[in-house]
Structures are given as structure tokens and as C-alpha cells.
Amino acid sequence: MDFTNWNLEQALDSFQQKLAACDDHESWQALRLSYLGKKQGLITGMLLAMRDLPKERKPLVGKQVNQLKQAVEQALKDSPHAEARSLRKSSLDVTLPGIRPKCGTLHPLTITRHRLIDFFRSYGYDVGEGPEIETTYYNFEALNTPESHPAREEADTFYIDDDRLLRTQTSGVQIRYMESHQPPLRMIAPGKVFRRDDDITHSPMFHQLEGLVVGPDITFGHLKGMLQAFARHLFGPNTVIRLRPSFFPFTEPSAEMDVSCPFCESGCRVCKQTRWIEILGCGMVDPNVFEHVGYDPEAVSGFAFGMGIERIAMLSLGIPDIRLFYQNDRRFLDQFRGA
Amino acid sequence: MFFSYDWIKKYLPGAPELAEVARLLNETGLETEVLKGGVEVEHTVNRPDAMCHFGIARELSVKTGLPLHEPEIYEEPFKHLDGWRIDSTDAVGCPQYMGLLIEHVAATPSPSWLVRHLEAIEQTSHNLLVDLSNFLLWEFGHPCHAFDADRVGGQQIIVRKGESGERLTTLDGRDHDAEGLLCIADDTRPIAFAGVMGGENSEVHSGTTRLLLELARFDPSSVRATGRRCNIHSDARHRFERGVDPERMEQIVRRFVQLLLAEQPQARVVGWMNMDLKPFKRTELLLRSKRLARILGIELSHKEVTDLLVSMGFAPQERDGGWWVSCPGYKVDVVREIDVIEEVIRFAGLDRLDTSLPAMAGSDYDAQSIAAFEDHLLKIIKEMGLQEARTYSFLNPATEKLFGGDADPVFLRNPMSESQAVMRRNILPNLIEVLSRNVRHGNKNLRLFEMGHVYHGQIEPHFLAITITAGNETEGWWEPSNHHPFLVLKGYVMQLFDEMGWPEIEVVSRPCSYLEEEISLGLNMGGASIGFMGMLSNRILGHFDLDQPVAVCEMDLSMVRAQPKKKRPFKALALFPGIQIDLAFVVDLATSYADLAGAIATANLPNLEDVQLFDQYVGKALGSGKKSLGFRFRFRSSERTLTNDEVMQSIDRLVSQLADQFGASLRS
């Protein structure tokens with residue numbers, strides 16, 4: 001290269017014009033290479049050509065070339081096209097699936113159980129536990145269901161021997177709890193129970209959650225208020241509840257609770273066109289039950305309620321067949337993330 | 001139970017339309033559905049009073065205030081029946097027995113109104129005598145029975161237990177051993193099972209001219225015992241088991257006569273026997289208005305309560321701050337104040353109750369409950385990537401035996417099937433079954449766990465079981481999943497202990513009946529065995545039809561929970577930079593990781609902060625019979641910056657020690 005007619009200002013002007021003409025990262029890149037590229041770069045070429053200059057011209061030209069180089073580098077760096085705008089044009093394919101952490105899953109019955117327990121814990125209920133192989137005393141007698149009671153035939157109980165059975169309800173836990181605690185108390189007993197029944201809505205093993213509140217002035221209205229709050233927690237703030245008289249040996253008066261169908265406005269398959277769905281059984285604790293645990297039924301009153309966790313899970317998660325819970329097919333277990 | 005709408009209307013002429021009838025019944029606690037021509041009612045066990053048309057009408061009458069129409073009855077006085085004897089050896093089993101003798105009857109076809117009524121509730125008409133007793137069952141719910149009086153030997157009715165050798169063929173044609181069961185007998189033999197079913201030997205037939213009508217009270221447990229042993233589910237048993245109204249008995253007998261004479265005017269009532277060993281006496285009690293309000297949480301008006309009590313037949317008398325009532329016989333389970341309260345609110349309507357929340361003093365709350373422990377554990381295991389399963393607590397004894405060990409498991413006396421006959425002592429068998437079913441359905445990379453009770457005689461420890469299959473297929477595009485399932489499992493177990501803050505676990509070699517011999521490890525904690533982990537043996541894999549290796553672990557959470565949590569002292573963060581060095585040692589294949597790691601630990605290298613295995617390699621480059629284990633060492637002092645030289649001195653010492661001990665060389 002001949003530096004005779006070369007001057008810095010022209011060179012800078014020329015570069016600025018070319019830079020201004022750049023409209024994307026590609027053209028910027030081409031410009032950068034044409035000035036600074038290791039093989040064909042203009043400035044690289046200049047620096048090489050300097051070797052042939054007469055000694056006396058070297059300092060001035062060298063200084064100017066360096067100024068040019070610095071200015072070009074700076075201008076290129078400041079250019080809006082200095083960086084690739086689109087990641088797609090880089091080496092990373094951002095459309096690849098992200099690398100997901102391997103999260104496990106909880107069983108839908110556990111998910112449901114947690115929803116239920118969360119509600120009652122927030123109201124200060126203690127959580128009780130008890131054996132699943134029960135004595136007939138805790139499963140029946142202490143719950144006001146003597147041998148002669150017709151409910152005992154209907155319960156369809158699995159027996160181990162004359163004195164031991166698989167509990168048909170978690171109510172025995174409540175009896176044990178009352179034996180070891182004094183009122184006022186509020187507690188729930190979630191757990192496995194067993195009945196001799198097996199079809200699309202009944203499983204020989206299933207899960208219940210029962211609750212018990214005992215205090216000096218507990219009324220039927222409190223039970224209704226508690227259940228209404230519970231129903232709204234589960235099915236939404238507009239849920240309406242309805243109580244119908246019923247029978248359980250350990251409560252008097254007893255009732256069944258229905259909730260307004262959360263799935264429809266005017267009748268659907270789930271509510272069998274009735275707009276109501278039966279959810280749980282409840283009632284005021286029978287005085288005989290208090291007497292069995294040594295509480296004075298004149299001094300305290302209480303309410304109790306119990307529900308099947310499978311039923312709530314089937315309703316709230318839309319599961320059609322109870323047996324799916326116990327088959328544990330991975331395609332089933334995978335479905336309840338985010339539920 | 002189905003009830004005909006027209007039939008109900010006989011006693012409640014102004015009855016509302018069918019849909020409204022159903023709604024009202026539901027409100028009073030009878031689960032009712034409208035069917036064609038009537039209602040289907042599902043009774044709770046305490047409602048025998050509503051197992052008949054009159055009872056349904058009575059319920060509606062109290063609810064609506066509409067007048068109840070009592071059916072017509074035969075009014076003439078009955079004479080005592082001479083020449084007959086009635087006796088009972090069991091005043092508890094049969095407190096009351098009425099026997100009415102009628103002559104000149106005939107088993108003629110029933111009139112059309114009677115046939116129509118029975119057909120409306122899907123009952124078949126036989127002849128007038130049989131149909132009338134059936135009609136009365138559905139009218140008043142109290143079963144009666146018609147004997148052919150000429151077939152009752154010795155003109156005797158004896159209520160007694162069947163004796164050894166005595167048999168009875170019931171009306172359904174089945175023959176039963178009568179010993180020990182409460183029977184109606186004549187002078188020589190049982191002729192009916194009390195409250196359950198009559199016998200063929202005394203049945204009314206086409207030639208019957210003299211009829212002995214039985215209307216009695218039988219003890220529910222005695223009736224249940226007979227029904228259960230003979231496996232007879234009759235309408236009579238169903239009602240006697242729940243209780244009958246002792247106050248309406250004579251009326252029912254008179255109703256029978258009334259209906260019979262209307263069809264067969266030539267029939268003649270000879271007389272009756274009424275043995276009443278334990279006359280019914282109404283329970284009298286005080287319903288306190290304060291108590292009523294305290295249970296319900298609302299005040300019902302005095303008049304409303306009085307009116308309800310009157311219409312239900314409690315004959316209330318207002319005094320002593322409430323109502324003295326006498327409990328009517330048809331309400332068989334109403335004998336206490338709380339029962340009366342239930343009857344009042346049942347008709348007043350549960351929709352009247354307030355919805356309020358109790359203001360309560362604090363009660364016990366166990367923050368360390370088993371439930372809280374298990375919820376925490378569940379959360380952690382889920383976060384680690386395992387999937388929770390739930391299986392039955394029972395299984396078939398043959399499979400159970402493969403896992404359970406020597407002592408006897410708990411057997412069910414009445415399982416639904418052999419596959420559910422014994423209670424589990426381990427969670428694994430049913431969980432492996434789930435795994436196997438999943439594999440058959442083409443599901444892969446299974447990492448399942450379950451937590452729950454197992455049953456060891458009188459105690460129920462809480463167990464945790466984990467099962468893991470080898471994934472031969474990659475699970476995502478980014479990673480191969482060729483880890484040995486045992487190591488995956490071991491990683492889960494170790495991580496779980498860290499996350500839960502459980503004390504150190506010791507892994508020891510220990511044989512286990514269901515694990516492969518070489519990969520069968522025991523888990524110890526605080527010197528006690530808490531469980532096993534390893535690979536399922538081929539025998540077990542074969543039993544479950546599995547064709548791929550499965551890693552399993554089962555541990556006793558109750559034992560883990562009993563241990564104190566690991567102390568976790570806070571460690572100050574180091575201020576000085578550390579030095580990291582990677583070294584790969586080539587050793588014989590037989591040398592284990594634990595051999596090298598143990599030697600490194602006991603070498604006590606100064607300032608060694610941490611050492612981790614980062615690579616294991618076996619390959620041609622090393623020569624046969626060799627492997628390389630790569631360790632990453634991090635040295636750091638809390639007091640100063642370490643120099644390379646001092647760290648290298650330590651390393652040199654270690655290298656030569658491992659060379660001496662294991663013939664280890666550094667991989668170049």
C-alpha cells in the first residue's frame with residue numbers, strides 16, 4: 001500500500017459512511033472484517049504495509065493508523081448492530097425443550113387429603129392418628145353401636161377375629177383422642193378404612209376424614225357454619241350447602257350435607273340433574289358417646305362429621321372410577337401435577 | 001323400598017303431588033326418588049316406622065299439617081280362645097304374641113282392589129289369606145303370619161328355642177337345622193322361625209278353612225341371629241330387626257278381620273290369645289326448652305314445638321321449663337331427650353339453623369404429629385422426583401409369604417377374595433405388583449414410593465417403600481439414563497436422610513429373602529436395623545412377571561422417627577480461597593470406591609475440605625482388569641491462603657500411600 005495520498009480524515013469519513021450504511025448484524029460483521037479482519041482487513045493491511053515505509057515517515061503514519069484503528073474499533077463497538085438481535089441466528093436453538101428438573105408426583109388422594117387438612121389446620125384442628133386394625137369396642141361399642149344394633153350388620157365389616165376388625169370408620173381415633181384430651185377440643189382424623197364392597201364407586205379400602213369439635217356450647221348451627229366454610233374452601237365462594245336429616249349411631253341429630261353442584265347451572269351428569277351433590281355425613285355427638293369417654297353430656301356438646309376422601313377427589317379431579325386410585329398407572333399418576 | 005302414590009293417598013287424601021311428596025320426604029330425612037306411580041325410599045336403619053304406606057303418610061301429615069286418615073277396623077270385642085294354649089320360654093326373644101283364630105275361611109282369589117294394590121308395589125297375588133297378611137305388612141309395616149290352624153298340632157303355640165335334631169323347611173323350600181333358633185312350635189315340632197319365615201308344615205293351602213293369625217313382637221337380635229344363620233333375607237326379618245310399633249298391634253289384627261269379612265262374610269272370629277310378658281310402656285321424659293335451644297343454636301317458638309310434638313303423638317304437657325312427653329311406640333329409637341330434639345328439628349327443618357362459627361378456647365395441637373411428619377416426608381420425596389402410589393393393605397397369602405418372613409401374618413376372617421386375604425407386613429409386594437402392571441402397559445422409568453401402615457401382630461409400624469426400574473430409554477433429549485437402578489435408589493435414600501435431617505445411616509451387607517444375594521444391603525440406624533435396600537432376586541422378578549432389574553428399598557419410619565434428629569451446627573463461611581485438584585487413580589477392578597474413599601478419609605490430609613468422586617472409567621486404555629476412579633479434592637484453610645506446595649506435599653503423600661495400599665497409579 002502506498003501512503004502518499006492517504007489521510008486520516010478521509011479514511012475516517014469513508015468508514016463512517018460505510019458504518020452508517022450497515023442495517024443489521026451481518027453487514028456490520030462484514031464491515032468489521034473488511035477493516036479489522038486478520039487476512040483481508042484494511043487496517044491489518046496498513047499495519048503490514050508500514051514495514052515498507054521510509055524510516056522518517058513511520059512515526060507519523062503509524063500514529064495516524066493507530067488513531068484510525070482505535071476510532072474504527074470504538075465506532076464498531078458502539079454501533080447498534082454490534083450484537084446479534086435474534087438468538088435464533090446464534091448457535092443455541094432456543095426452541096429446544098427446556099431441561100426440566102425431575103419432579104415427582106403425589107397421589108391424587110394425598111393431594112386431596114392435603115386440601116382438606118389445610119382447611120382444618122387453619123382453624124386450629126389437631127390431627128389424630130390411630131390403628132387400622134381396631135377392636136370392636138373402639139369401632140362399634142364406644143360409638144353407640146352395640147352388638148344388637150342393625151347398623152352393625154350393614155357396616156359389612158372385615159373381621160380378624162371376634163374382637164378385632166379392620167376399622168370401618170376413623171371414628172375410633174376420635175374416641176381415643178377424647179380419652180386422652182379434655183374439652184374444649186377440635187381435631188380431625190384422616191385415614192384408611194375398610195368395608196366389604198367393591199365396584200365403580202366403592203373400594204374395599206378407602207380413605208376417610210372425620211372431624212370432631214367439643215366444647216361447652218357447641219351447637220348444630222356451629223356445625224352448619226363450619227361445614228359451609230369448608231364447602232366454600234373446596235368448591236368456591238358461591239357454594240351453597242343443604243342439610244338433610246339422616247342417621248348415624250354416634251350422632252344425634254344426624255344429617256347428610258349436600259353442596260350445590262359446582263359443575264353446572266341447571267343439572268348435569270355429576271349431580272344427576274338434581275343440582276345437589278352429597279358430600280358428607282355429620283351431626284351432634286350422641287350423649288352416649290360422651291358418656292363412654294367420661295365427658296358430662298350436660299356440660300359439653302359437640303359436633304362430628306366425616307367424608308370419603310376418594311369421593312371428594314373423584315368430584316374435584318373428575319376421576320370416573322374409584323379403582324383407578326389403586327391401580328397407580330403412571331399415566332394416571334402423571335395427570336395431577338398442578339392439581 | 002317402593003311405595004305407591006295412590007296407596008299413600010288412602011291415608012292422606014289431600015296429599016300434594018308426587019314430586020312435592022318426594023321433596024318433603026327428603027327434607028324429613030327419608031332419601032326419596034320419584035319413580036313411575038310412586039316413590040323409592042332408601043331407609044336408614046332407624047326408620048322402620050316409615051317402611052309402610054301408612055308410615056309414609058304419617059310422616060307427610062306431620063310435615064304438612066294435613067289430617068291423617070286411619071283405616072277402618074273390625075270393632076267387635078274378641079273372645080278369649082278356649083282350648084288353645086300359648087306359652088313362651090323366652091320372654092326376651094318374644095315379649096308379646098297375639099294369636100287369632102278364624103273359621104270358615106277359604107283361600108279364594110283376592111279381589112281386584114287388593115291385587116291392584118299389591119301389583120302396584122310389584123308383589124304377586126296368591127290368595128286372599130296370604131295377600132291380606134302381605135297387604136298389612138305394606139300398610140302398617142308390622143309382619144303378621146297366617147297358619148293353617150288345623151296343621152298346628154295339639155292346638156298349641158309354644159315360642160321356644162329349637163332343640164337338637166329339630167329341623168324346619170321354610171316357605172322358600174329350604175330345609176334348616178332349627179337347634180338353638182327361636183321358633184314358633186306346636187305340640188311336637190317347630191312350625192315357623194320367629195320373625196323370619198314360616199314353615200311349610202303349617203302353611204295356608206287351597207284347602208285351608210281355619211286360620212290362626214299371628215301378630216307378635218320379636219327381639220331384633222334374636223331375629224338377626226336366625227336370619228344370619230339360615231341366610232334368609234325376608235321382609236319380616238328386615239322389619240323385626242329394626243323394631244315394630246307395639247302400640248298398633250291389636251289394630252292390625254282388627255284390620256285383618258275387617259278386610260277378610262268384607263270378602264268372606266261367612267268367616268267367623270272364634271277368639272284370640274294375647275300373651276304379653278312385657279307390656280310396652282311409653283318412655284316419659286322432659287324436653288327442656290333451654291336444652292333444645294342449646295343443641296340447635298336457635299330458638300323455635302313455643303307453639304311450633306308444641307304443635308310438632310302433638311302431631312307426632314308425643315302428648316306433650318308444658319311444665320318444668322319444657323315439655324313432658326311420652327314417646328309413641330312407632331318411634332322405636334326415640335327414648336331420650338336428644339332423640340326428641342332430633343324429631344323436632346327434623347320436622348322444623350334443618351334449613352332453619354344458623355350458620356355461625358364457634359368461638360372456642362384453644363385446644364391441644366400437636367405440631368410434631370405423625371401426620372405432620374409424614375406430610376413433610378411426602379413433600380421431600382416428591383421433590384426428589386419419586387411418584388407416590390397407594391395400594392391395598394391386604395394381598396394374597398402366597399405373595400405375602402415371599403416377603404413377610406417366618407412369623408404369622410394377620411389373616412382376615414372374611415376376605416372378599418383370596419387375593420385380599422392377609423394383611424401386609426411389607427408395602428413392597430403390592431407396590432411391585434403396581435410396577436409390574438405399569439411395565440405391562442408400556443410405562444417406563446418407574447420411580448414409585450408408598451408410605452403407610454403395615455401390620456405386625458398387635459402393632460402397626462409406618463413403613464416407606466421405594467421401587468425403581470432401570471430406564472433403558474432416555475427420558476429426555478438431553479440425558480442418557482443408563483445409571484444402574486441400584487445407584488439411583490441409593491442416591492434417593494441418602495438424599496432423603498440428608499433432607500429430613502435424620503441421623504447417619506449405616507449401610508451393611510445383610511441377606512434378605514427377596515433380594516439378589518450380592519446386592520442385598522441392610523440399613524442400620526443407631527445400631528438397630530431399620531430396613532433393606534437392594535435388587536429384587538430373580539425368583540421375585542419371575543413371580544411378578546418382570547423381565548427387567550428392579551431396585552427396592554423398604555424401611556420402618558416409626559423407628560426412624562423415634563431417633564433424635566441429627567445436630568446441624570452452623571459452619572462459618574471460609575474467607576480464604578481454596579485449591580482444587582482432580583486426581584484419577586487406576587486400581588484393580590476389585591478395589592471398591594469405599595476402599596479408596598476410606599483410605600483417603602483416614603489419611604487425614606491437612607486442610608482437606610471436601611473430596612468427591614467425579615468419574616468412574618473402565619476401558620481398553622487402562623488395560624484389562626483395571627478401572628479409574630476420579631476424585632476431586634478441595635483444600636482450604638480457615639486461617640490463611642494455602643500454597644500450592646503444601647497442598648502438593650499432601651497429595652504426594654496420599655498418592656504414594658494409595659500406591660502402597662492398593663497398587664494405585666495416577667491415570668496419565
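Chain A of this predicted model is divided into domain 1 (8-89) and domain 2 (108-336), with bounds that come from an automatic or database domain assignment. The centres of the two domains, taken over C-alpha atoms, are separated by 81 Å. Residues are numbered from 1 along each chain as its sequence is written, and chains are lettered from A in the order in which they are written. Local features need pLDDT of at least 70, side-chain atom pairs count only at pLDDT 80 or more, totals for chains, interfaces and linings use all residues, and side-chain values use heavy atoms, with hydrogens and water left out.

Chain A also touches chain B. The contact (heavy atoms within 4.5 Å) takes 97 residues from chain A and 94 residues from chain B. The area buried between the chains is about 8,100 Å². Buried area is the accessible area (1.4 Å probe) that two parts lose on being put together, summed over both. Carbon and sulfur atoms give 52% of this area. A:Lys102, A:Pro245 and A:Arg330 supply 9% of the area that chain A buries against chain B, more than any other three residues.

Charged pairs also cross the interface. The rule finds 6 salt bridges there, each a side-chain nitrogen of Lys or Arg within 4 Å of a carboxyl oxygen of Asp or Glu. A:Glu298 forms a salt bridge with B:Arg288. Their closest N and O atoms are 2.9 Å apart.
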